[in-house]
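Student: I would like to go through this structure by question and answer, with the cut-offs stated as each term comes up. Could we begin with how the chains meet?

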Protein chains: 2
Amino acid sequence: MEFSNVSKVGREPHFLNGATRICAIVGDPIEQVGSPERFNQQYQKKGDNAVLIPLHVTPEDLAAVVKSLRAVRNFQGLVITVPHKQQALRLLDHCTPRAKRIGAVNAIRFTLGGLYGDNFDGEGFARGLAASGGRVRGKRVMIIGAGGAGHAIADAMAEHGAESIGVHDLDRHRADHLVANLRSGWPGFDAESVDNDPAGFDIIINASPAGGNVDQALPTDPARIDAGAHVADILLKPRITAFLKACEARGLGVMPGYLMLDNQIEAIAEFFDASSAEAAERYPHGKTY
Amino acid sequence: MEFSNVSKVGREPHFLNGATRICAIVGDPIEQVGSPERFNQQYQKKGDNAVLIPLHVTPEDLAAVVKSLRAVRNFQGLVITVPHKQQALRLLDHCTPRAKRIGAVNAIRFTLGGLYGDNFDGEGFARGLAASGGRVRGKRVMIIGAGGAGHAIADAMAEHGAESIGVHDLDRHRADHLVANLRSGWPGFDAESVDNDPAGFDIIINASPAGGNVDQALPTDPARIDAGAHVADILLKPRITAFLKACEARGLGVMPGYLMLDNQIEAIAEFFDASSAEAAERYPHGKTY
């Protein structure tokens, strides 16, 4: 089949056409991801002729799939989710310093110069924190949960001028590993593993799965948080977690997880779209399409 | 990023989500294809959580891209357009007899048993012809243009019970090649190369690029067509070609090209969707998703 487009681009329910640029999110599993809806809402709002689709790929197939997507000339960008963020770093031609420090990427732009990776988990968090009224510069930050999200957030907090970071994890080795990684990326930075007491911190961040619902243990004791502190949770369900509710009840400022997500999607869409001069300057490798 | 879906499936302008099945059309170039809009309109109308996207892939990359799409577990089907229809046949694990006879595929279903190919160009034409009131059984058919479309249509006309087929092409060798191919696929079938006189034929099919506009030579002389004959054109622009207009003016029944396309899309969507028992019987290899 080969025939011509007749209808308009990018504004209709069936908004795809032959000239649409393709982006994707790759993960295993994939059914649960919300990126397709959120990205496509944004593309439609802006009138961009682009789409983001889900691709279900297992770890053993990731390298081959990413490699062959290079050959798809209207392919623009790939969002990386669990469990591929670390492996994807090894498939790149270029990556940002922060992606290298964190050891993981969650977005790859397909360019003429090859695959360019970055990690927007921390940046999305930092933008969301600012949007909720939290200020990082000069502040003492506590991060609960030393997994992939904790790593990315810790790096962003250091980059945005935090005075110090205390890392707590139920597994002390994980916390120590994050601290070592942070000190290696930011030599001289004041980071240490801490126990589960939020007293003395200005910003408390739950980057663990704890405290989503009332019947789960909270990540830390809200009663021990200093008055005037700002509290963030990266969990998306419920929209306001039991932990944040308890903090709100104490009159603390809070940041719900969807702010991290919304701000991250905006940042990744900018990254994929190299049409602006600013993006061209930041990511000098151009793009194929 | 990993987070949960909240909105409904398949009914909204931003209808994609993490559970969407992916189909694609692959071609070089790709901007001009109309399949994404038409397939997606149909998916939306039926409430199918599926999408069809354009993939721009050059001939040298086709094999690698098709191979790696096997690894994408929510990938369902691939529509093949110019210039890949012949090469794609060689990438399959299974194909239908008609695809083998024609020597080209225009749709591949991704199944647990591997890649299953078929060619719906002729079937789409035959369904469109029937929809326009044309009857094939026992009729003498003239096909003008012995390219890929001509091959597929000739095979479908033989399959649907035509009494004989005359093939005309400006290049006699191409016409002879189609005739030889047709006789090989349908031993004993009455097929021959003919000159450009439509007299004596019941169905006249323009499968060449001629006669789209008034300033182009018509594919054959409408005045020489028998009264009561049915005339088809596979060109899509304009919707009613200059050739068909001249035939209509003579009171002949006509079939415009979009009927071939509409009926083909319906047939391919059925082929991709193995959920029906009938499809499961026809294509016993199941599907991956």
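Student: How many residues of chain A are in contact with chain B?

Tutor: This is a predicted model, in which local features need pLDDT of at least 70 and side-chain atom pairs count only at pLDDT 80 or more, while totals for chains, interfaces and linings use all residues. Residues are numbered from 1 along each chain as its sequence is written, and chains are lettered from A, with ligands numbered from 1, in the order in which they are written. Two residues are in contact if their C-beta atoms, placed from the backbone, lie within 7 Å. On that criterion, 48 residues of chain B touch chain A, and the number on the side of chain A is 48.

Student: Which helix of chain B gives the most to the side that touches chain A?

Tutor: Helices (H or I, at least four residues) and strands (E, at least two) are DSSP runs numbered from the N terminus. At least two residues each are supplied by strand 1 (21-27), helix 1 (35-46), strand 2 (50-56), helix 2 (59-69) and helix 9 (257-272) of chain B. With 6 residues, the element of chain B that gives the most is helix 1.

Student: How are the two copies related, and why can one say that they meet through the same surface?

Tutor: Copies are superposed by least squares on the C-alpha atoms of residues with pLDDT of at least 70 in both. Chain B can be laid on chain A with an RMSD of 0.0 Å by a turn of 180 degrees and a shift of 0.0 Å along the axis, and the two copies are thus related as by a two-fold rotation axis. Since the interface residues of chain B are also interface residues in chain A, the copies meet through the same surface, and the share concerned is 100%.

Student: What is the strand order of the open sheet of 6 strands in chain A, and which are its edge strands?

Tutor: Two strands pair if DSSP finds at least two bridges between them. The pairing in this sheet of chain A is mixed, and the order is 2-1-3-5-6-4. Each of the edge strands pairs on one side only, and in chain A these are strand 2 (50-56) and strand 4.

Student: Which residue is the bridge partner of I25(A) in strand 3 of chain A?

Tutor: Strand 1 (residues 21-27) and strand 3 (residues 75-80) of chain A run parallel and are joined by 5 bridges. In strand 3 of chain A, I25(A) has as its bridge partner V79(A).

Student: Is strand 6 of chain A largely enclosed or open, and which residue stands opposite I108(A) in it?

Tutor: A residue is buried if 20 or more other C-beta atoms lie within 10 Å of its own, exposed if 12 or fewer, and partly exposed in between, with C-beta atoms placed from the backbone. Strand 6 (residues 114-118) of chain A is largely enclosed by the rest of the structure, because 4 of its 5 residues are buried. Strand 5 (residues 107-111) of chain A runs antiparallel to strand 6 of chain A, with 5 bridges joining them, and the two form a hairpin with 2 residues between them. In strand 6 of chain A, the residue opposite I108(A) is G117(A).

Student: Is I108(A) buried or exposed?

Tutor: I108(A) lies in strand 5 of chain A, and its contacts beyond four places in sequence include G77(A), L92(A) and Y116(A). With 29 C-beta neighbours inside 10 Å, I108(A) counts as buried.

Student: Where does T220(A) lie, and is T220(A) buried or exposed?

Tutor: T220(A) lies in the loop between strand 10 (203-206) and strand 11 (230-233) of chain A. Leaving aside neighbours within four places in sequence, T220(A) is in contact with I144(A), N196(A), P198(A) and I204(A). Because 25 other C-beta atoms lie within 10 Å, T220(A) is buried.

Student: Which helix of chain A supplies the largest share of the side of domain 1 that touches domain 2?

Tutor: Domain bounds come from an automatic or database domain assignment, which for chain A gives domain 1 (21-119) and domain 2 (122-260). In chain A, 6 residues of domain 1 are in contact with 7 residues of domain 2. The largest share of that side of domain 1 of chain A, 3 residues, comes from helix 4 (residues 97-102) of chain A.
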